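Please look over the sequence and the structure shown here before reading on. The report after them is written for someone new to this structure.

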Amino acid sequence: MTTATDTIDAHDEHHDHKMTGIKRWLYTTNHKDIGTLYLWFSFIMLLTGGAMAMVIRAELFQPGLQIIEPDFFNQMTTVHGLIMVFGAIMPAFTGLANWMLPMMIGAPDMALPRLNNWSFWILPFAFGILLSSLFMEGGGPNFGWTFYAPLSTTYSNGSTAFFVFAVHIMGISSIMGAINIVVTIMNLRAPGMTYMKMPLFVWTFFITAYLLIAVMPVLAGTVTMVLTDTYFGTDFFNAAGGGDPVMFQHIFWFFGHPEVYIMILPAFGIVSTIIPAFARKQLFGYSSMVYATSSIAFLSFIVWAHHMFTTGMPLAGELFFMYCTMLIAVPTGVKVFNWVATMWKGSMTFETPMLFSIAFVILFTIGGFSGLMLAMTPVDFQYHDTYFVVAHFHYVLVTGSLFSIYAAAYYWLPKWTGHMYSEKLGRFHFWCSLISVNLLFFPMHFLGLAGMPRRIPDYALQFADFNKWVSIGGFAFGLSQLIFLVLVIKCIRGGEKAPAKPWDGAEGLEWEVPSPAPYHTFSTPPEIK
Amino acid sequence: MHEDKAQPTDVPMNKQVKKGVTKLVVTVFAMFAFGFALVPLYDVFCDITGLNGKTSDTAATYNADGIDTSRTIKVQFISRTAQGAAWQFKPEMNSIEVHPGEMKFVKFYAKNETGQHGVAQAVPSVSPGLAANYFQKIECFCFNQQPLQASEGAWLPLQFYVDPELPEEFTEITLSYTLYDITASTPSSLESD
């Protein structure tokens, strides 16, 4: 590998630094630059969406209305959801894919570097449009991130057009990113890297990209129908004109359910990379992991109506969707057991990436279990639209997806920056996040079971104590994320020099290039045995 | 998406990549079209299975062979006006008992209380949904739009029968009408009626 590294370095010197300043970032087609842009963008969005969550929790700190108007509260819940889903989690995964995929498969770059530049640079415009609507007369979207018709059509406050165009741009960006990932993986793998030799990280992004290509266009279609219903007099969802609002939910969730796996499958890949590294053992059951991921992806297409049990489906439909949903627990269980089996009798150490990964396994499983509870039709009638649902999806998205992204960031920060991050600060970030996130989301289960509805700015007095704790947890969790910001900035600016492979149990091609990773890597493909 | 013109990095845009991109772009457009195809598919699916309680929007002809006096079905009527529709709307009775195959005639009263000429459309829904396919309307005001002058009221007719094929487990059927004020989206030709 030494010779290969030397040529890379030599190559670097005459090829690099053509542009400086803002132009470097605007015109870049380098997968590492674009990955960095994606990651920073998603972190800014995380803080933006997080600030909205703080507004929500401040209003819910005590019963009654004290800080904001109900309509603004609705805008906050809506935009918080949209920002976190489309602005924080998804771009963060795309950023990780951009940074790591080419290095992991021994490719010089993504297959479509210009498309890559474009798919990133349209994103700020999408969120600019979405956020700007908050400052307009009438306010931003207030119909929930699921934009159920007729809330988003007949009863919208005029922000629908902005919302729709923002979602269109986000969708185009995701689709282009996904196309890039698929063709990169299919065509640019180093010689000898067969599909079943790919790191699991690559596999999960491969499958996720397919999910994106399949369902993002359906979302684009849904928002288009909402747009024409609102402004051009069509009646897709308008009962008065022969349409059907329940059909909106079917079409939306046909996108929406695979979407939740789009946000968790890459997390599975990350955790499957990190746990073996710190347990110093091979990943247990590699091929079963691949098959489990594929079956989850397949099943995600036939379970959408479990979001709609209370719409008055016939019994046969409810049973079908209930059983299919529960079936997903099988491949997911395979994964969880494989992670545990990987750790079993391993020589474990607990650096920050591993801490986040272990927390992921435990807390994601809690989220999975509450998901199983929600899958049961009869009890779903009780849980539907309560804080139990809020607790469930925050356990899978915050302690699931977000924690995995943190784990990935800590794991690869030395590779990205060339410096070791401060382990002390990292652990501080982890423990603050872990404690506050559970204080934030765990009591929501009880609130939901007791009947507190979601998306309402006020609540009955008996929910006051739990809400106070939840809000305190929320503020603490929000503040804890600033530790990460400090840590990353410190790590970029300096610190202990990172070796090419800072984790001794780590495996993969990305550790064969020096740290920080040179601007161009694997211009000549490595040899895979 | 012409990536082939100039490659800014060292990655050659080879044939395979192009083929892959083409396939995926076609898939994207196909899935976009599929999103819209779900609309008619949904209607057909619901039509066949009667899943969402939608009844036919055209008149049925009476073709039951005789009246099944051994069974009595209670048909309940619910009427409501959609948000923003300042109309009065109510059935002449709350419920009626029918034998399967027996023809019944019921009137609904609608009154335009908006103070100006308006057009309304009633949208029916049957619960339980699976009974919808057995609820046959010979004549229904819901087949047409209802133009009414300001403060004008009218009795609107509904003629129906319950198909004797109706499965045994159904003993009650609820027919719900929601009246929408569609004046704004109606062409002026109708308003001049």
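## About the model

This is a predicted model, in which local features need pLDDT of at least 70 and side-chain atom pairs count only at pLDDT 80 or more, while totals for chains, interfaces and linings use all residues. Residues are numbered from 1 along each chain as its sequence is written, and chains are lettered from A and ligands numbered from 1 in the order in which they are written.

## Chain B as a whole

Chain B holds two helices and nine strands, where helices (H or I, at least four residues) and strands (E, at least two) are DSSP runs, numbered from the N terminus. Read from the N terminus on, the elements of chain B follow the order α-β-β-β-β-β-β-β-β-β-α.

Chain B has 193 residues, of which 31% count as buried; a buried residue has 20 or more other C-beta atoms within 10 Å of its own, with C-beta atoms placed from the backbone. Among the contacts in chain B with a separation of 6 or more, 75% come from residues 24 or more positions apart, a contact being a pair of residues whose C-beta atoms, placed from the backbone, lie within 7 Å.

## The four-stranded sheet of chain B

In chain B, four strands form an open sheet in the order E2-E4-E8-E6, with antiparallel pairing; two strands pair if DSSP finds at least two bridges between them. At the edges are strand E2 (87-91) and strand E6 (135-140) of chain B, each of which pairs on one side only. Neighbouring strands of this sheet are turned by 25 degrees against each other on average, direction ignored.

Strand E2(B) is joined to strand E4 (residues 103-112) of chain B by five bridges, the two running antiparallel, and here B:Lys90 has B:Tyr109 in E4(B) as its bridge partner. E4(B) in turn pairs with E8(B) in the antiparallel sense over nine bridges; B:Val106 stands opposite B:Leu158 in E8(B), and B:Ala110 has B:Ala154 in E8(B) as its bridge partner. On to E6(B), strand E8 (residues 153-162) of chain B makes five bridges, again in the antiparallel sense, with B:Gln159 in E8(B) as the bridge partner of B:Glu139 and B:Tyr161 in E8(B) opposite B:Gln136.

## Where chain A meets chain B

Between the two chains, 35 residues of chain A are in contact with 32 residues of chain B. On the side of chain A that touches chain B, two or more residues come from each of helix H5 (113-121), helix H7 (160-187), helix H8 (200-231) and helix H9 (245-262) of chain A. H8(A) gives the most to this side, with seven residues.

By class, the side of chain A that touches chain B has 23 nonpolar, nine polar and three charged residues. In this classification, Ala, Val, Leu, Ile, Met, Phe, Trp, Tyr, Cys and Pro count as nonpolar, Asp, Glu, Lys and Arg as charged, and the others, Gly among them, as polar.

## Two helices of chain A

The axes of H8(A) and helix H10 (residues 265-279) of chain A come within 8 Å and cross at roughly 175 degrees. That makes H8(A) roughly antiparallel to H10(A), a term for angles over 145 degrees; axes are lines fitted to C-alpha atoms, for helices over the stretch in contact, and angles run from 0 to 180 degrees between N-to-C directions.

Residues of H8(A) including A:Leu200, A:Trp203 and A:Ile207 meet residues of H10(A), among them A:Leu265, A:Phe268 and A:Ser272. By class, this contact of H8(A) with H10(A) has nine nonpolar, five polar and no charged residues.

Conventions
Angles under 35 degrees count as roughly parallel, over 145 as roughly antiparallel, 65 to 115 as roughly perpendicular and the rest as oblique. A residue is buried if 20 or more other C-beta atoms lie within 10 Å of its own, exposed if 12 or fewer, and partly exposed in between; C-beta atoms are placed from the backbone.
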